[in-house]
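Have the structure open as you read.

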Amino acid sequence: MNNQRSFFFNIDWLTILIYLALCVIGWFNIHAAVYDPLHPSIVDMSTNYGKQFVFIITALILGLVIILLDSKFFSTFSPVFYGITLLLLITVLIVGRNVGGNQAWIPLGSFRLQPSEFAKFSTCLLLAHYISSTNLKMGDLKMIGVCIIILFIPTSLIMLQPDTGSALTFTSLVFALYREGLSGYILIIGAILIVLFILSLLINKFILVAILVAIAVMALALFRQSRKFVVPITVTTVACIAFIFSVNFAYQNILQSHQRNRIDVILGKVNDPRGQGYNLNQSKIAIGSGGLWGKGYLQGTQTKYDFVPEQSTDFIFCTVGEEWGFAGSFVVIGLYLILLLRIINIAERQRSSFSRIYAYGVASIIFFHFFINIGMTIGLVPVIGIPLPFLSYGGSSLWSFTILLFILLKLDSNRMGII
């Protein structure tokens with residue numbers, strides 16, 4: 001009896017309340033986004049909002065099952081979960097249904113399963129399992145190499161679908177590795193490469209190379225009395241120049257045409273409000289038209305007349321902005337920030353490295369989805385088509401994020417033990 005009572009109090013109920021709040025907000029906004037006057041009931045099973053209600057109920061059942069399982073189950077079977085999701089990712093390439101140019105769904109009757117969503121929690125589990133079970137340090141080349149392989153395999157399979165948005169999600173797990181001791185220089189290098197990528201698309205590459213050479217010469221002059229800086233500065237400059245000349249090839253041959261067009265719109269290279277920039281333009285109009293308090297539930301004109309494509313999935317935040325205004329958007333963003341802070345707090349109070357690493361993986365993935373999804377609806381980042389956790393329509397998305405979060409809650413409830 002005492003164990004049951006202790007277990008009950010160890011569950012992080014605030015996190016569960018935030019989770020429930022986001023699910024309910026998402027459900028009501030899906031109702032608004034695809035509202036059908038012929039089927040007004042929010043639990044009408046013939047509509048997407050009715051189906052989302054079923055997804056929420058089944059997600060809660062999944063969460064309950066996870067809470068009732070033994071904590072050691074997730075660490076022990078993490079390689080099995082990872083292997084199953086890899087098999088699903090291979091299966092979808094063979095028998096998957098192509099929707100919107102991506103062969104990312106396995107048809108199961110009237111339902112479609114998206115394996116890439118489930119690969120997120122299984123990759124987090126295996127990464128935490130490997131790092132916590134080895135005596136190697138994060139700076140060890142073998143450790144880094146194995147971590148890269150664990151991330152690369154699902155990423156490459158998802159890229160073959162091709163689903164660039166979901167594939168990029170796995171890059172966020174570098175923050176979990178950083179917490180475990182990965183050199184901060186890796187993050188700095190990543191940031192530099194992103195900046196160079198953007199500048200390479202905006203500035204003539206020869207002018208950009210000339211600027212880099214000038215900076216390198218000034219750096220060498222500044223550190224001329226210390227020869228130990230000569231080689232690193234020279235190597236870094238040469239690597240950056242090589243990267244600049246490779247950007248154009250990668251941009252033209254790796255990214256698809258619609259992805260290039262979206263980046264061009266964001267960077268201001270193309271002004272096409274009726275073509276490639278249509279989604280973003282309508283998204284901004286919808287959010288901006290909400291004002292301070294919004295137009296009211298089911299009163300959004302941009303929403304009601306389907307001006308914004310994919311509004312119940314990738315662009316669900318537009319409905320929040322239009323019908324609930326700045327105040328509603330502030331509440332939703334606030335809930336996400338509180339959730340992320342709670343997850344980080346949970347991570348730091350763990351006694352086992354497995355639980356801590358997994359917790360930071362959860363925080364990284366949810367933050368990536370939150371930042372990129374909302375960022376693409378307001379024009380901060382290119383539209384790459386990833387859902388907003390717990391709000392966007394879809395069973396695979398909701399279930400995967402529920403599993404991701406509730407495994408963490410289970411591990412946290414047993415934090416006084418050793419995983």
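1. Terms first: helices (H or I, at least four residues) and strands (E, at least two) are DSSP runs, numbered from the N terminus. Keep in mind that this is a predicted model, where local features need pLDDT of at least 70, side-chain atom pairs count only at pLDDT 80 or more, and totals for chains, interfaces and linings use all residues. Residue numbers start from 1 along each chain as its sequence is written, and side-chain values use heavy atoms, with hydrogens and water left out.

2. The largest pocket has a volume of about 2200 Å³. A pocket here is an open set of points on a 1 Å grid over the protein atoms alone, where a 1.4 Å probe fits, with protein on both sides within 12 Å along at least five of seven lines; lining residues have an atom within 4 Å of a point. The volume is the space filled by probe spheres set on the points, which are joined across faces, edges and corners.

3. Its lining is 41 nonpolar, 7 polar and 1 charged residues (Ala, Val, Leu, Ile, Met, Phe, Trp, Tyr, Cys and Pro count as nonpolar, Asp, Glu, Lys and Arg as charged, and the others, Gly among them, as polar). H10 gives the largest share, 10 residues.

4. Where does the largest pocket lie? Domain 1 (13-182 + 311-414) and domain 2 (203-254) both line it, so it lies between them; the bounds come from an automatic or database domain assignment.

5. The second largest pocket has a volume of about 1100 Å³. Of its 38 lining residues, Val99, Trp105, Gln114, Glu310 and Thr313 are the closest to its centre. By class, this lining has 13 nonpolar, 18 polar and 7 charged residues, and its largest share, 4 residues, comes from H3.
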